[in-house]
Amino acid sequence: MLKIDNLQVAVGDNKVLNGLSLEVPTGEVHAIMGPNGSGKSTLAHVLAGRPGYTVTGGSITLDGKDLLALEPEERAHEGVFLGFQYPVEIPGVNNVYLLKAALNAARKHRGLPEVDAFEFLTLVREKMQLMKMDESFLSRGVNEGFSGGEKKRNEILQMLVLEPKLAVLDETDSGLDIDALKVVANGVNTLRSPDRSVVLVTHYQRLLDYVIPDHVHVLVRGKIARSGDKTLALELEKRGYDWVIEEAA
Amino acid sequence: MSASQATSKVAATPASPLTARIAAEFAAAHAGSEPQRQDGAQALDTRPRVAPQALRARREAALQALMDSGLPTSRDENWKYVNLRPLEKVRFVPPSGAARPAMTAADLPAAVGKSRYVFVDGVLEPSLSSPTTAAGVVVTSMKVTAAHSTAAGVAASGVGGATPIVGAANDDALPGDLRFALLNEAFATDGAQIHVARGTDCAICVELVFVATAEGKAGASYPRVSFKVDANARVGLIERHISFGSDANFINCAVDVEVARDASVQHYRVQQTGARAIWFDTLTAKLAENARYQVHTVNLGALSARSTVYVKLLGERSEVGVFGASVGGKNQVHDTFALVDHIAPNARTNQSFRGIAGGRSRVAFNGKIVVRKGAHGTDSSQSLRGLLAGTDAEIDVRPQLEIYTDDVRCNHGATAGKLDDNMLFYLLSRGLDRETALRLLKWAFLEDVVSKIEVPELRRQIEASLAGQMNESAALKELL
């Protein structure tokens with residue numbers, strides 16, 4: 001279970017998260033919604049340990065383990081996966097190489113031997129089929145020259161191969177057409193299981209038509225202003241965020 | 001002939017203490033006959049070794065030209081990154097072979113391809129070499145060529161049949177700086193002369209390995225290569241520079257390349273000399289009509305390495321690729337000056353450099369393209385990128401263009417900076433450990449250039465060396 005307690009985060013002098021508390025029990029999918037600048041992406045980045053954010057108070061634990069004490073790569077080893085809003089292009093680093101290195105890093109942490117080359121390719125091909133990705137993606141540089149939709153699919157592909165305990169998807173739906181959105185949603189749904197948690201950060205309700213959340217939270221000025229079930233997302237779609245902001249004021 | 005007579009031909013005006021000493025060493029060395037090696041190299045050629053007058057005249061001409069121009073100083077704009085001070089301690093005459101350490105093939109990098117020529121302190125070592133059997137390819141030791149030519153009654157043309165450097169240095173169309181090549185011409189006693197006949201197809205044709213063993217105070221090493229490729233041939237040449245032992249070698253290399261019409265050449269150069277070595281290098285190339293020449297240089301070794309590259313595009317539609325990768329660590333200095341001169345119309349240049357400076361090293365690449373009047377339709381691109389990987393490291397990448405005609409397309413880009421934090425975080429977030437992630441990113445940075453090496457075995461060796469080098473100079477953490 002992911003447990004965030006009274007989290008306070010600043011970027012420079014700017015306070016972005018102001019006492020955010022949230023519990024995501026294992027097996028559940030929670031959506032984090034909110035207006036621009038409410039701190040959604042900050043939350044996603046802080047969970048993954050991105051530098052540049054100062055945690056000034058509060059705690060984050062995953063199954064009792066203190067995430068804030070861990071380096072980004074150690075969090076990944078503990079099963080945290082961040083799906084980036086803007087996946088980074090890394091020309092010269094092969095996609096398949098990264099996948100394999102990432103999988104082996106996770107296996108090493110669990111005391112498992114390196115993955116067998118044949119098993120690995122079988123696994124990757126299977127997941128790529130699910131994500132409707134062409135095999136040529138494998139030999140290309142990481143996200144190099146990928147379209148927006150291809151980058152997002154690649155994020156989900158990595159997630160499916162790594163099978164994280166906690167997946168944090170930061171606006172994975174942004175910039176996707178409806179077909180790509182369905183493919184990405186299908187990928188996320190495949191990963192849903194009683195031993196995994198998913199945090200979906202999204203601006204729009206659209207994705208939640210395909211990935212049905214157990215809970216929806218609205219973030220306003222760095223705090224959860226309102227929580228509810230999937231109907232809250234529909235209400236936000238209809239009424240916008242203003243009423244929640246006013247309530248929070 | 002006495003020493004005084006020899007020097008009389010070389011007026012040491014305007015002599016700096018350094019050039020005066022060079023002239024004095026030259027005179028002393030040439031006071032008698034050609035200096036002879038007292039070792040196995042002689043086994044190759046048992047003919048009486050005559051020092052032909054023509055050869056001597058040519059050396060003196062080179063020395064005179066060097067005296068006239070003087071050696072560069074750090075005040076010269078194009079030499080400001082090079083540490084020229086070690087020159088003061090060098091003995092410029094080649095070492096006598098007598099004190100040479102015993103070496104076997106196991107001391108050399110694994111051979112790529114079948115034919116390999118090993119030169120120790122600039123002189124061919126037949127016992128370590130495996131001659132080529134490829135049809136249309138003739139490789140000759142220049143030392144032997146000189147004797148042959150004399151025997152055949154043909155005027156010997158200096159160190160082998162190599163193009164005289166003095167001629168090239170006076171060539172107005174090549175506004176180059178060949179001063180170190182002149183020094184090579186004055187002192188080199190051997191070298192590889194390679195001639196590839198018309199229509200020959202030999203992808204990994206010849207591998208040259210230049211091994212430096214001598215301490216610079218005891219004598220200098222002068223690798224010399226003359227590479228002539230006739231029309232329609234397609235060849236690959238591998239040229240390596242290494243050290244044996246840990247002495248502070250002084251190496252001064254001169255290579256000239258001529259590519260005839262419709263010929264295509266891949267030239268791989270790997271500089272992996274020792275941690276105390278001083279390496280100077282001058283490469284000149286001339287391309288005829290529709291000729292294609294790609295030179296790939298990988299700089300890893302030496303305390304101080306300077307490469308000066310001049311390419312003349314003399315023929316219409318000729319095409320040159322100058323690809324360089326340089327990884328410096330500790331207190332290394334790697335400096336390259338690469339000039340491409342577009343003389344003929346519709347020729348193309350592709351210049352690409354990737355340098356990583358770690359520790360307290362300095363890595364510089366100065367890429368200049370001159371488009372002369374009449375060279376319309378020139379198409380050139382420059383992509384020069386440097387990566388700063390140490391707190392006290394220095395990167396200098398400089399693209400320069402001089403255009404004297406209309407109707408040209410010249411692109412250039414230059415960047416110098418640190419590794420991208422976003423890329424690093426992306427890899428870490430996928431569980432890669434920091435060390436692996438940094439190495440991978442540096443790797444990726446060099447990949448643009450390294451991926452152009454078309455010989456798989458050579459590429460594998462270079463990648464292994466790069467990996468080793470980068471591991472050592474991973475002072476990057478301090479910056480991130």
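Two residues count as in contact if their C-beta atoms, placed from the backbone, lie within 7 Å. The legends below describe a predicted model.

**Figure 1. The axes of α2(B) and α3(B) cross at roughly 165 degrees.** Two packed helices are described by the angle between their axes and the distance between the axes. Here α2 of chain B covers residues 17–29, and α3 of chain B covers residues 53–69. Their axes come within 10 Å. Angles over 145 degrees count as roughly antiparallel, and α2(B) and α3(B) are therefore roughly antiparallel to each other. The crossing of the two helices is left-handed.

**Figure 2. Thr73(B) sits in a loop of chain B.** The loop lies between α3 and β1 of chain B, and β1 spans residues 116–120. Is Thr73(B) buried or exposed? Thr73(B) has 12 C-beta neighbours inside 10 Å, so it counts as exposed; the cut-off for that class is 12 or fewer. Leaving aside residues up to four places away in sequence, Thr73(B) touches Trp79(B) and Leu84(B). A C-alpha to C-alpha span of 30 Å separates Thr73(B) from Ala192(B). Along the sequence, these two residues are 119 residues apart.

**Figure 3. Chain B meets chain A.** On the chain B side, 18 residues are in contact with 20 residues of chain A. Which elements of chain B give two or more residues to this side? They are α7 (421–429) and α8 (434–450). The most comes from α8(B), with eight residues. Sorted by class, the chain B side has nine nonpolar, four polar and five charged residues.

**Figure 4. Arg125(A) lies in helix α4 of chain A.** That helix runs over residues 117–130. Arg125(A) counts as partly exposed because it has 13 C-beta neighbours inside 10 Å. Partly exposed residues fall between the cut-offs of 12 or fewer for exposed and 20 or more for buried. How far from Arg125(A) is the C-alpha atom of Glu71(A)? The separation is 31 Å, with the two residues 54 residues apart along the chain.

**Figure 5. Chain A in outline: eight helices and twelve strands.** The chain has 249 residues, of which 41% count as buried. Its C-alpha atoms fill a box of roughly 55 × 40 × 35 Å along the principal axes. A compact globule with 249 residues would have a radius of gyration near 18 Å, and the 18 Å of chain A agrees. Take the contacts in chain A with a sequence separation of 6 or more: residues 24 or more positions apart account for 71% of them.

**Figure 6. Chain B in outline: nine helices and 19 strands.** Of its 480 residues, 55% count as buried. Among contacts in chain B between residues at least 6 apart in sequence, the share joining residues at least 24 apart is 83%.

Conventions. Residues numbered from 1 in each chain as written. Chains lettered and ligands numbered in written order. Predicted model: local features only at pLDDT ≥ 70, side-chain atom pairs only at ≥ 80, totals over all residues. Helix = DSSP H or I, 4+ residues; strand = E, 2+ residues; numbered from the N terminus. Nonpolar A, V, L, I, M, F, W, Y, C, P; charged D, E, K, R; others polar. Rg over C-alpha atoms; globule rule 2.2 N^0.38 Å. Axes fitted to C-alpha atoms, helices over the stretch in contact; angles between N-to-C directions. Parallel < 35°, antiparallel > 145°, perpendicular 65-115°, else oblique. Left-handed = near helix turned anticlockwise from the far one by under 90°.
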